[in-house]
Amino acid sequence: MTQERDRQKADPDSHRVPRRRIEVGPGIFYWPGRLDRAAQQTLLGAITARVARAPFFRPRMKGTGTPFSVEITNFGSLGWVSDQARGYRYEQRHPETGQPWPDIPRALLDLWDESTGYRAPPECCLVNLYRSSRARMGLHRDADEAATDASVLSVSLGDDALFRIGGLGRRGATRSFVLGSGDVLVFGGPARLCYHGIDRIVPGSSDLVAGGGRINLTLRRVSVPGPGGWAGGGAPPHWVGGQ
Ligand SMILES: O=C(O)CCC(=O)C(=O)O
């Protein structure tokens, strides 16, 4: 992966050709430069238009109320939120505007189909904004979803980030690598509940995001699709809204 990254750095145009998919570990797939610069700009435009309707906000840890170092918003029928009183959960509306989340951009839905092959669309596109050089994301598991048979799809835009991924236990061995603008990561199957996080970003390593920083898009299927599943209509499942 380091060689891949070095090649991109040496040849700035190399990102125009989608690179091959690399299996980093069982169930963990990494596509450096999956989106070329034009695709990144188009996607960023789609994100910016939606953020105007669903502005970034800063989630807080349950109990302590400690603010996250990242700001977030969501697209899709369900948005991941966290606040002091109720902690991690999915909600159908933006906590500050009270409005439903904007739809997930078409390009991301296509990428989901291509890269996860899952039988149903994602319900949540969590948008993480790493604006400050101190922004990071501690090791955690994506464990608030019922559909753990669906992979998690992650798209990076803007500044490079040092991504860390381990195993199913918090204290196990981890490995880290750089996620750059346009890189795509998918983890599922044996890796679906792996611990992962962002150690730090590299400020100024990309000029894509106006104002600087990094945007990460994490797409997840929340509910189990099909008979008995919930596809955004009717009564939501019990894990939505912290009920
Ligand atoms: O920013 C990233 O690349 C990781 C985001 C993440 O792990 C999450 O939102 O659960």
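Leaving aside neighbours within four places in sequence, which residues is Val-127 in contact with? They are Ile-47, Ile-72, Thr-73, Asn-74, Phe-75, Ile-215 and Leu-217. Contact means C-beta atoms, placed from the backbone, within 7 Å.

This is a predicted model: local features need pLDDT of at least 70, side-chain atom pairs count only at pLDDT 80 or more, and totals for chains, interfaces and linings use all residues. Residues are numbered from 1 along each chain as its sequence is written.

**The core.** The largest nonpolar core has 48 residues. Such a core joins buried Ala, Val, Leu, Ile, Met, Phe, Trp, Tyr and Cys residues through C-beta atoms within 7 Å. Leu-108, Cys-124, Cys-125 and Val-127 touch the most other members. Strand 6 (residues 124–130) gives the largest share, six residues. Strands (E, at least two residues) and helices (H or I, at least four) are DSSP runs, numbered from the N terminus.

**Helix 2.** Helix 2 covers residues 37–51. Buried means 20 or more other C-beta atoms within 10 Å of a residue's own, exposed 12 or fewer, and partly exposed in between, with C-beta atoms placed from the backbone.

| Class in helix 2 | Residues |
|---|---|
| Buried | Gln-40, Leu-43, Ile-47, Arg-50 |
| Exposed | Ala-38, Gln-41, Gly-45, Thr-48, Ala-49 |

The buried residues fall within an arc of 85 degrees, seen down the helix axis, so they line one face of helix 2. That arc is taken from the directions from the axis to the C-beta atoms. Their cover includes strand 3 (71–75), helix 3, strand 6, strand 8 (152–158) and strand 13.

**Glu-123.** Glu-123 sits in the loop between helix 3 (106–116) and strand 6. Glu-123 counts as buried because it has 27 C-beta neighbours inside 10 Å.

How values were computed
Contact = placed C-beta atoms within 7 Å. Expected span 1.5 Å × (residues − 1).
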